[in-house]
Amino acid sequence: MTHTHCPYCSLQCGMTLARTGRSLEVQPWPEFPVNEGALCRKGWTATALRGHRERLTTPLLRDRESGELRAAGWDEALDLVAGRLRELRADLGPDAVAVFGGGGLTNEKAYQLGKLARVAIGTSQIDYNGRWCMSSAASAGNRAFGLDRGLPFPLADIEHTDVLVLVGSNLAETMPPAARHLDRLRENGGRVVVVDPRRTPTAERADLFLQPVPGTDLPLALGLLHLLDAAGAVDEEYVAARTTGWEEVRRSIAAWWPERVERETGVETAQLRECAALLAGAERVTVLTARGAEQHAQGTDTVLAWIDLALALGMPGKEHAGYGCLTGQGNGQGGREHGQKADQLPGYRMIDDPAARDHVARVWGVPADSLPGPGRSAYELLDALGTDGGPQALLVFGSNIVVSAPNATHVTSRLSDLDLLVVADLVMSETAALADVVLPVTQWAEETGTMTNLEGRVILRERAVAPPEGVRTDLEVIAGLASRLGSPVEFSTDAEEVFAELGRASSGGRADYAGITYDRIRAERGVFWPCPTADHSGTPRLFGSSFATPDGRARFVAVEHRGPAEPTDTAYPVHLTTGRVLAQYQSGAQTRRVAELPDDGPFVELHPMLADRIGAYHGEPVVVTTRRGELKAPARIVTTIRPDTVFVPFHWVGANRLTHDALDPASRMPEFKVCAAAVGLDTPSLVPREGYSTTDPATPSTTDPATPSLVPREGYSTTEPGIVGRVASASERIETPA
Ligand SMILES: Nc1nc2c(c(=O)[nH]1)N[C@H]1C(S)=C(S)[C@@H](COP(=O)(O)OP(=O)(O)OC[C@H]3O[C@@H](n4cnc5c(=O)[nH]c(N)nc54)[C@H](O)[C@@H]3O)O[C@H]1N2
Ligand SMILES: Nc1nc2c(c(=O)[nH]1)N[C@H]1C(S)=C(S)[C@@H](COP(=O)(O)OP(=O)(O)OC[C@H]3O[C@@H](n4cnc5c(=O)[nH]c(N)nc54)[C@H](O)[C@@H]3O)O[C@H]1N2
Ligand code: SF4
Ligand SMILES: [Mo]
């Protein structure tokens, strides 16, 4: 029996792994506080990849002549990789080699990956998939509070708030055991507000559901703030004592009167007023954002607008109230603290800060001036691969870029221009399938390491079983490469030893782990950072008396609504948004291989009115087209989505051929959550006429056979969700999701 944590999302549910004979069974661990024994179906089936026939168990090298992958020994594979990296480094400099990490990697792996890049390779070119996850909330948190810890309080605190506002989170499907907090909150007399263009299972639990046009959460927040200010609901005492910048925000919200907000967001003024009244009357308000609000080219400003709202109400730092971001990946929090991010060193130190460089270089035993500066952000890094002056080799640990990167067709073509692509994975992901070298690694139950959950709680995953013969841990792979690259310092392969070094490297930094040990985590069921010394009890709650800014005050930031990078037009008249379903995880590399989890492939969720317009029936294939590509998938006709919006899950190849690569200027987050699309039937009339290019927005298109039915009828407003109930004809075809 081993107590450990689920291999998937940031809730990091505690579970017990029990061995019976040769099998490994998932059982509850009721004492672990975050999930109290509950798991979602991904957690219950997590051991299915153990002994799976598609598990990789030997290194693979691409044969130059046949183009096929063939089995190889570890020494042959690592020698080949290191040899080629040395050549590239000698010919083109260390930045010719790039590293791409993942928010699912343990703290120890993320730390060693950063050290591999900066010390053993000497490259500045390292970033990771967390850039696509919560980075906009991270930039906003740093700006407003001087610190980014997703939740500055334990998740269970939300049970005691009076009003909880969930902006772009579908936690009932993305972290199901957390949904019970919503139920308890309501039992305690609290209210829940959900903001989402789709009435999700999370929205079903809401007292008030706002259904804005994708990409308009920012004006929604400013509109609420406008009403609150007008009603005298701003906590002037708190604002004066604990913040700066309010007057500028106050001026900037003056013009966001409700009718303008309704025009922009599609949320009716009556609902807006209802929401403002709920907030104004509450003693404790908690605002939580997730990817729906954050994955936009104005994601940072959107989060700042919601933080402005929370600050104006006097909430951050108050008990059972405040602002938080629901981080996503298993180690989405720790993964952004220990050095796999382009601009960071361990302990959430900034790589361009001379004092930070000195400290970390001393721990690493190298001169500070040998450390490179900041590199490119995730998408910019991938976009530069194989180009003149860009990296010519890429090492990937813990991401399936081909499926999950925005504008994926372009990214895949960048990968194919590389001189060397190396992927370390457990299974043959779509990205591994393109690699020149595939390195088979252990998975969670077969190794030990720490993760930091969405609350900033550092937890321990203990090894429960031996790995299959032939695979190595990521730490062993990293160390093997480091020594072959002539690293001036040793790389430990022992997770506990690496954690102790990480503790020293983070000491005195913003995310200080120096006082945390494996034994303490075992004894205390997790320790919250910052925890600077062995006798420090850890920090479950932040900001009680001051914020992490130099003067201890939180910053109001005035923001402007720029709108989506790609607005709809007559050729691409609907909003495309993307996201998740309960039974699949991320790029699906792992969960699509679990037989117990339903895998029906991608689908296009659309409203009966839109379906009516294009003549689509439930289950019938439809084609979604954007300026970057198209996807054919069955229609799923539901009344729960806005009539002007379609939704496609990204767990399968396809959704990201459609998405836009516009980036947020501060966080470099791509705009996964909104772009302009056309949707039509998969019929011959959809084949572009001669001379008509689907990639040319300038082409006059109202006469195009693919789109005329999408031009709104007279009297029909695409921004008015209330119209839903008036369409009876399509209702026979409606199927709401279970
Ligand atoms: N089942 C499952 N659970 C997961 C994951 C998974 O892949 N599968 N992944 C984990 C990870 S890494 C993450 S980051 C989290 C993500 O967790 P969530 O953020 O909850 O998941 P998403 O489905 O990406 O987006 C949430 C909601 O945003 C809505 N949305 C789309 N556009 C907008 C918009 O413009 N504004 C607003 N307000 N809402 C919008 C979508 O309709 C969707 O319901 O989930 C974690 N948990
Ligand atoms: N359209 C659209 N695209 C999105 C999003 C969206 O909402 N919409 N969300 C974005 C978000 S929030 C995220 S987090 C990304 C996630 O997308 P990805 O980065 O693709 O995440 P995963 O599918 O978890 O990929 C992890 C890969 O690493 C492997 N792996 C798992 N554990 C380990 C390990 O310990 N070591 C190694 N070496 N490999 C391991 C897995 O088998 C898998 O192949 O997708 C982003 N892409
Ligand atoms: S909610 Fe997240 S951590 Fe918990 S069992 Fe499901 S996937 Fe695993
Ligand atoms: Mo994520």
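Me: Which residues come nearest among those around ligand 3?

Reply: Of the 13 residues around ligand 3, those that come nearest are Cys6, Cys9, Cys13, Cys40 and Pro177, where a residue is near a molecule if one of its heavy atoms lies within 4 Å of it. This is a predicted model, in which local features need pLDDT of at least 70 and side-chain atom pairs count only at pLDDT 80 or more, while totals for chains, interfaces and linings use all residues. Residues are numbered from 1 along each chain as its sequence is written, chains are lettered from A and ligands numbered from 1 in the order in which they are written, and side-chain values use heavy atoms, with hydrogens and water left out.

Me: And how does that shell around ligand 3 divide into nonpolar, polar and charged?

Reply: The shell around ligand 3 has 10 nonpolar residues, two polar and one charged; here Ala, Val, Leu, Ile, Met, Phe, Trp, Tyr, Cys and Pro count as nonpolar, Asp, Glu, Lys and Arg as charged, and the others, Gly among them, as polar. Domain 1 (2-49) and domain 3 (156-325) each give at least three residues to the shell around ligand 3, with the bounds taken from an automatic or database domain assignment.

Me: Switching to ligand 1, which residues are the closest there?

Reply: Ligand 1 is surrounded by 32 residues, and the closest are Asp196, Asp217, Arg580, Gln584 and Gln586. By class, the shell around ligand 1 holds nine nonpolar, 15 polar and eight charged residues.

Me: What lies 2.7 Å from an oxygen atom of ligand 1?

Reply: A polar side-chain atom of Asp196 does, and this is a polar contact in the sense of a pair of N or O atoms within 3.5 Å. A backbone N or O atom of Gly215 lies 2.8 Å from an oxygen atom of ligand 1. The protein covers 99% of the 910 Å² of accessible area that ligand 1 has on its own, by the Shrake-Rupley method with a 1.4 Å probe.

Me: Which elements give two or more residues to its shell, that is, the one around ligand 1?

Reply: They are helix H5 (171-174), helix H12 (291-294) and strand S23 (574-579), where helices (H or I, at least four residues) and strands (E, at least two) are DSSP runs numbered from the N terminus. Because domain 3 (156-325) and domain 4 (574-733) both give residues to the shell, ligand 1 lies between them.

Me: Now ligand 2: where does it lie, in terms of domains?

Reply: Ligand 2 lies between domain 2 (60-132 + 331-496) and domain 4 (574-733), because both give residues to its shell. Around ligand 2 there are 30 residues, the closest being Asn129, Ser399, Ser404, Asp425 and Ser587.

Me: Which side chain has an N or O atom 2.8 Å from a nitrogen atom of ligand 2?

Reply: That is the side chain of Asp474, while a polar side-chain atom of Asp425 is 2.6 Å from an oxygen atom of ligand 2. The protein covers 96% of the 920 Å² of accessible area that ligand 2 has on its own.

Terms used
A polar contact is a pair of N or O atoms within 3.5 Å; within protein, one must be able to donate a hydrogen and the other to accept it, and residues adjacent in sequence count only if both atoms are side-chain atoms.
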